[in-house]
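Subject: Structure for your review

Dear colleague,

Please find below the structure I am handing over to you. My findings follow directly after it.

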Amino acid sequence: MDFLLGNPFSSPVGQRIEKATDGSLQTEDWALNMEICDIINETEEGPKDAFRAIKKRIMGNKNFHEVMLALTVLETCVKNCGHRFHVLVASQDFVEGVLVRTILPKNNPPTIVHDKVLNLIQSWADAFRSSPDLTGVVAVYEDLRRKGLEFPMTDLDMLSPIHTPQRTVFSSETPSGQSSVGIDTSHRGDSSQHTAPLPAPAVLPSDTPIAPTPEQIGKLRSELEMVSGNVRVMSEMLTELVPTQAEPADLELLQELNRTCRAMQQRVLELIPRVANEQLTEELLIVNDNLNNVFLRHER
């Protein structure tokens, strides 16, 4: 079927995935990874094209540096994209036929690849367990555990309380770009998506001062986009909802957003005194101010 569809790297998003997973890269290109997420969210064919390109890069590839880059792109897209992409990557065929196959002993994968795949499967199984059409990965996870496979200890980063509640659309006047995705709500083309609550990783779990690497800066900025996206959604809900006329489900969603944003603020406050980067500290302070403003509106 892939042969009939042509080269997976020929599409706009496929070209970027090929570049973002090129073996000559020394480290991840986070700007390019986020651009890939934008295309997935904003275009009709983005999810399928990205899925095919990532699958192509991983399957049968003996260059495990490229495989690791592809797994990072995949992880980033799952965290920042919506239901249309989740349906593809959470399928049993993909998880079992691509990810698990990559770490079979006969392929002699390095430990870093082996553990990365298992961490992805474990975190997706936890995140998608309550979504009926995303439980393919849950079935694979449970099957691997029954067979005695030991999963790596859960990364403290993955236990972070940052996630994005689903958002409902209140009226036809709500711009189509405002979706449940945990990043910039200006993304278009996937307004009906319902994003499962995936955790976002912390930069470092310790209490020591952080001198972030370029990779950590990219990850932190990606997380701050998610925080800002939640603040925007919460602000829009506060503008749209009339307390005496609101549906109970909408009020519950608002409360869930409030709880989520407060958990996010706790993380932001923990990072502000620790990040040894003046520009990042300024960005964290701005996000904290925006959180305080939306909490004040909520209390009123």
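Helix α11 covers residues 248-271 of this predicted model. At 1.5 Å a residue, its 24 residues should span 34 Å, and the end C-alpha atoms lie 35 Å apart, which agrees. Buried positions in α11 include D250, L253, L254, L257, C261, M264, V268 and L271. The packing partners of the buried residues of α11 are α10 (214-240) and α12 (278-299). C261 counts as buried because its relative accessibility is 0%.

The largest nonpolar core comprises 49 residues, and L71, L74, F85, L99, I121 and W124 have the most contacts inside it. At least two residues of this core come from each of α2 (12-20), α3 (30-42), α4 (46-58), α5 (64-80), α6 (83-89), α7 (92-102), α8 (111-128) and α9 (136-146). Leaving aside neighbours within four places in sequence, F85 touches I40, P47, A50, F51, I54, L74, C77 and V78. A second, separate core has 26 residues, among them I217, L220, V275 and V287.

As to the cysteines, the structure contains zero disulfides. For C81, the nearest cysteine sulfur belongs to C37 and is 4.1 Å away. C81 is itself buried, at a relative accessible area of 0%.

Finally, a word on confidence. The chain has an average pLDDT of 78, and 79% of the residues score at least 70. Over residues 155-206, however, pLDDT stays under 50, and the model has 142 contacts beyond four places in sequence for that stretch. Where pLDDT is low, the predicted coordinates should not be read in detail.

With kind regards

Terms used
Residues numbered from 1 in each chain as written. Predicted model: local features only at pLDDT ≥ 70, side-chain atom pairs only at ≥ 80, totals over all residues. Heavy atoms only, no water. pLDDT = per-residue confidence, 0-100. Contact = heavy atoms within 4.5 Å. Helix = DSSP H or I, 4+ residues; strand = E, 2+ residues; numbered from the N terminus. Expected span 1.5 Å × (residues − 1). Buried < 20%, exposed > 50% of the residue type's maximum accessible area, 1.4 Å probe, protein only. Core = buried A, V, L, I, M, F, W, Y, C linked by side-chain atoms within 4.5 Å. Disulfide = S-S within 2.5 Å.
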